[in-house]
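I opened this notebook to record what I looked up in one structure. The entries follow the order in which I worked.

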Amino acid sequence: MNVIRRRPWDLPQRLATPAHLAFSRRTLLGAGLGALALAPAGVLAQRVSDVAKLPDPTSDLYPAKRNEAFKLDRPITDETINLHYNNFYEYGTAKDVAAPAQQLRVRPWTVKIDGLVEKPIEIGIDDLIRRMTLEERTYRHRCVEAWSMAIAWTGFPLRKLVEFARPLGSAKYVKMTTFFDPKMAPGQRLPWFPWPYVEGLTMAEATNELAFLATGAYGHPLARQQGAPLRLAVPWKYGFKSIKSIVQFTFVEQRPVGLWEAVQPSEYGFWANVNPAVPHPRWSQATEEVIGTGERRPTLIFNGYGDYVADLYKGLEKERLWS
Ligand SMILES: Nc1nc2c(c(=O)[nH]1)N[C@H]1C(S)=C(S)[C@@H](COP(=O)(O)O)O[C@H]1N2
Ligand SMILES: [Mo]
């Protein structure tokens with residue numbers, strides 16, 4: 001089925017609703033999204049506040065100490081803005097997923113580690129978080145749609161999880177997978193996406209100092225729309241690599257195919273490193289809209305993180321490193 005010829009951000013804002021992804025309203029209603037869109041605001045607000053009241057068993061770990069090694073060249077985006085402008089296709093194709101995302105149940109939450117490892121592991125998220133030392137890092141985030149933010153994440157280096165996993169020498173990539181539960185994620189009832197969301201990194205990328213697993217943001221545990229309870233932050237790559245609400249890390253020999261690469265391989269590749277000189281097939285990547293400021297800034301190669309990561313790509317110049 002070749003339905004996704006256009007992605008929502010090609011459309012004028014007023015048209016950027018799921019109904020304009022070239023599907024009939026009936027299809028959407030059948031998929032359950034119509035009902036969500038039609039739910040009175042009050043009903044949704046009620047559900048949101050009920051879920052939000054549940055205590056987070058790790059909240060005593062926040063705020064964590066900031067790691068001052070990671071400096072920003074711009075102010076941190078306001079938390080309120082960050083919480084109301086999100087990409088989370090499991091909860092809708094526009095940016096206003098904050099309310100529907102409150103349906104995501106974040107406890108109990110089990111993380112599986114499997115594939116080419118000494119011994120597969122299943123561990124509860126609270127247990128995992130308490131085994132790690134949380135720190136705060138301020139990172140830029142550059143979406144492939146040419147907008148950006150700057151965020152204070154809390155979490156731990158992905159490298160620490162890799163060490164905990166004890167991968168075999170034959171492991172070449174780590175494949176990460178988001179939860180799959182169409183009952184609590186209306187977007188997963190849209191049959192034209194190959195759910196669940198998947199992303200992957202090479203072992204060298206996964207163990208790079210910058211690769212970070214976020215458990216919190218702005219001094220407290222992650223909000224659901226940010227990808228609670230565990231999401232990736234790889235700030236030198238386009239935002240779609242930073243997979244949310246991860247349930248599984250699988251060490252593999254074959255290069256994983258991410259959800260966006262599966263949907264549109266001509267536009268979204270495996271590497272997806274930020275490069276202002278290489279346009280997306282349908283738009284320029286030269287500048288970015290800094291959300292919440294009205295400002296456009298020139299985009300930097302590797303999103304400004306070349307000192308950390310440029311070496312990873314030496315000798316790979318023939319690969320499609322940039323989209
Ligand atoms: N599971 C999942 N992860 C995801 C996405 C998604 O739709 N589903 N969107 C990606 C994209 S395109 C971006 S830009 C970031 C957005 O993260 P934010 O909403 O916290 O800014 O999440 C990424 N991770
Ligand atoms: Mo994105």
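The entries below concern a predicted model, and they go from a sheet to a residue within it and then to the aromatic rings.

**Entry 1: the sheet**

I looked up the strand order and found an open sheet of five strands, β2-β1-β10-β5-β6, with mixed pairing. I noted that β2 (121-124) and β6 (198-202) each have a single partner strand and stand at the edges, so one side of each lacks a neighbour in the sheet. From one strand to the next, the twist averages 15 degrees.

I recalled that strands of a sheet pair through backbone hydrogen bonds, either parallel or antiparallel. In which sense do β1 and β2 pair? I found that β1 (residues 110-115) pairs with β2 in the antiparallel sense, over four bridges. Across this pairing, K112 stands opposite E122 in β2. I then turned to helix α6 (residues 158-165), which packs on the sheet and touches β1, β2, β6 and β10 (246-252). The direction of α6 makes about 65 degrees with that of β10.

**Entry 2: I113**

Is I113 buried or exposed? Its relative accessibility is 1%, so I113 counts as buried, the cut-off for buried being under 20%. Beyond its neighbours within four places in sequence, I113 is in contact with P120, I121, L161, F164, A165, F249 and F251. I also recorded that the C-alpha atoms of I113 and V247 are separated by 8.7 Å, although these residues are 134 apart along the chain.

**Entry 3: aromatic pairs**

I counted 19 aromatic pairs. In one of them, F70 and Y308, the ring centres are 5.7 Å apart and the planes lie at 25 degrees, so the pair is stacked. F70 lies in the loop between α3 (41-52) and α4 (79-82) and Y308 in helix α9 (residues 306-309), so the pair ties together parts 238 residues apart in sequence. F70 counts as buried at 4% relative accessibility, whereas Y308, at 29%, counts as partly exposed.

I next examined Y89 and W260, whose ring centres are 5.0 Å apart with planes at 90 degrees, so this pair is edge-to-face. Y89 is in the loop between α4 and β1 and W260 in helix α8 (residues 259-263), 171 residues apart. Both Y89 and W260 are buried.

**Entry 4: charges over rings**

I found the charged end of R140 over the ring of Y305, 4.6 Å from its centre. K241 lies over the face of F270, at 4.2 Å from the ring centre.

Notes:
Residues are numbered from 1 along each chain as its sequence is written. Chains are lettered from A and ligands numbered from 1 in the order in which they are written. This is a predicted model: local features need pLDDT of at least 70, side-chain atom pairs count only at pLDDT 80 or more; totals for chains, interfaces and linings use all residues. Side-chain values use heavy atoms; hydrogens and water are left out. Two strands pair if DSSP finds at least two bridges between them. Helices (H or I, at least four residues) and strands (E, at least two) are DSSP runs, numbered from the N terminus. Axes are lines fitted to C-alpha atoms, for helices over the stretch in contact, and angles run from 0 to 180 degrees between N-to-C directions. Contact means heavy atoms within 4.5 Å. Buried means under 20% relative accessible area, exposed over 50%, partly exposed in between (1.4 Å probe, protein chains only). Rings of Phe, Tyr and Trp (its six-membered ring) pair if their centres lie within 6.5 Å; planes under 30 degrees apart count as stacked, over 60 as edge-to-face and the rest as tilted. A charge sits over a ring if NZ of Lys or CZ of Arg is within 6 Å of the ring centre and within 35 degrees of the ring normal.
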